[in-house]
Amino acid sequence: MAGSSAGMTALLCNMNKRIAIFYPTITYQRHNWCVIRRICMSVSRCQSQAQTKRKSAPQELVGVVGLEIHAQIHSNTKLFSGSQVGFQAPPNSLVSFFDASLPGTLPVLNRRCVEAAVMTGLALNCTINRKSLFDRKHYFYADLPAGYQITQQRLPIAVDGTLTYSHLGGRKRNTVVTKSVRIKQIQLEQDSGKSLHDDYRSQTLIDLNRAGVGLMELVMEPDMSCGEEAAAAVREMQLILQALGTCQGNMAEGQLRVDANVSVHRPGDPWGIRTEVKNINSARNLARAIDYEIQRQMFVLESGGTVQNETRSFDGKTGHTIPMRDKEGLQDYRFMPEPNLPPLMVYEACSTAPPGVAPSQVVVLEEVRERLPDLPSVRRQRLVETYGILPEHSFTLVNEDGLMDYFEAVVKETKAGPRKVIGWVMKELQGLLHQQNLSVSQSPISPQALAQILNLQENGQISSSIAKQVFQELWKTPGKTAQQIVKEQDLGIVNDSTEIHRICQKVVDSHPDQVQAIRSGNKKVLNKLMGLVQKETKGRADPVLVRAILEQKTN
């Protein structure tokens, strides 16, 4: 109990320091304990750790989280026009007459966008509606020239799917926790333009390059309870979309934007009033925004207040959500059927398509299914089964772009076992990549170069410490080979038995106390003597030979 109390005291002190970050306006000491207690309980619930509760206390509030993901479809042209799609193009350089909503222009549906939505729906185990409809959603945005957005409100292209995701939990963060969230629907819609606010001149400029770009809106049911779960679900969705090629998923470029619907309630009670946090642009900020919003709502309710139904934004610098506009009044979007687009038809097979229609104008489920690639979950399972690596290592390999291919390329070229390779890839390679903010594709050391280092070590030509030294040298001078560095710097293993005998005898003679300890049965001290021998030889002595000689001399 003493240890437990001390640990809890340390935790509370640490959380008390962070109160100013979560609630800078709170100055009364009597509130601090309540806030700390709520934060502790929320974190423990999310990590599924047991907590001791008072029998008389009411059930704690819990968070409820649902997501809406807007994924920009990876297509050369926009959803209803032939305008090109490009990031950071000169303002208003990628705008067709239809995008600008000039009178008399009509939408022409992009087949690639339809196929992308269908493929995404199949990957998420959705039901693909053979017939879906387009609608006009009316609202005023300065960067939406038509005054309405073409979307799918009545009958979307896909419904009733499931996303299975996993995250690392447990005390050591090495236990794979698998959960699932229901996908309510996937709908096609067009993006709006972009407003550029010039505070210096007190004016707003409109860039329509993004107007009309194809989006998939993926609506998730409120099946999550905290920011960690939501971030893990979005990361998994991002990997799936990238594997499918339906969305590049670069959140920094706005290709994947997330809105979070957050509320709190007591288990068994109706759900609480929700707030919507708009346009979150990274998984990390998503987790921060949701956890802050859950704690904010808990504090409001515990203080006797009422949570407002409103839209909020997230400030990544302060870690706070900020009110944007209230949603107390029901927004009337005046949905109406899009008169210029017929129903969107998807066919099970070519044989079921209507006669006389060109194949290029038909989307066939049978063909899309055949093109489905291996999804991230399948890749992780294959890595574990094929190479015998730990499940948590498979997450690292799959989650970082290009790392799995790098690992497998090294395994093919080296005699070292997969577990040894995974250690090098995750510690040595990733360490330097993260340190210098590089991607795997930018690594100065190719998979073949790393395989050469491992082969030299496996063949007994260099020691493990020298192998790491060669790795560092190759990183600085990628034009050389591992063999060249070993030869130029004379780093090869010393196999001269006479020389190693001499060095071992020198170490034994100068450390009589350690020798006596070994002879008394403390065999662990032998490792210290081995380290001293390696220091004398600068890590070049054959460790097997060194151990054998030392054992002989200390018997």
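This is a dialogue on reading several features of a predicted model.

Biologist: Where does E115 sit, and is E115 buried or exposed?

Modeller: E115 lies in helix α4, which spans residues 111–123. Its relative accessibility is 11%, and E115 is classed as buried because the cut-off is under 20%.

Biologist: Which residues is E115 in contact with, beyond its neighbours within four places in sequence?

Modeller: With those neighbours set aside, the contacts of E115 are V363 and R371. The side chains of E115 and R371 are also joined by a polar contact of 3.3 Å.

Biologist: How should I read the nonpolar residues?

Modeller: In soluble globular proteins, nonpolar side chains tend to be buried together. Here the largest nonpolar core holds 65 residues, and L67 and V118 have the most contacts inside it. Another core, of 38 residues, lies apart from that one; L454, V470, W475 and I485 are among its members.

Biologist: What does V118 touch, not counting residues up to four places away in sequence?

Modeller: V118 touches I128, I157, V346, V363, L365 and V368. V363 is also in contact with E115.

Biologist: Now the strands. In which sense do β12 and β13 pair?

Modeller: In a regular strand the side chains alternate between the two faces of the sheet. As for the pairing, β12 (residues 275–280) and β13 (residues 310–315) run in the parallel sense, with 2 bridges.

Biologist: How does β13 pair with β14?

Modeller: Strand β14, residues 320–326, pairs with β13 in the antiparallel sense over 6 bridges. F314, for instance, has T321 as its bridge partner in β14.

Biologist: How many residues lie between the strands in the hairpin of β13 and β14, and which residue takes a positive phi?

Modeller: There are 4 residues between the strands, and G319 has a positive phi near 80 degrees.

Biologist: One more residue, S497. Where is its place, and what is its relative accessible area?

Modeller: S497 belongs to helix α15, residues 497–510. Its relative accessible area is 35%, so S497 counts as partly exposed, between the cut-offs of 20% and 50%.

Biologist: How far apart are S497 and I549, in sequence and in space?

Modeller: They are 52 residues apart in sequence, and their C-alpha atoms are 9.1 Å apart in space.

Technical notes. Residues numbered from 1 in each chain as written. Predicted model: local features only at pLDDT ≥ 70, side-chain atom pairs only at ≥ 80, totals over all residues. Heavy atoms only, no water. Buried < 20%, exposed > 50% of the residue type's maximum accessible area, 1.4 Å probe, protein only. Polar contact = N/O pair within 3.5 Å; in protein donor to acceptor, adjacent residues only side chain to side chain. Contact = heavy atoms within 4.5 Å. Pairing = 2+ DSSP bridges. Core = buried A, V, L, I, M, F, W, Y, C linked by side-chain atoms within 4.5 Å.
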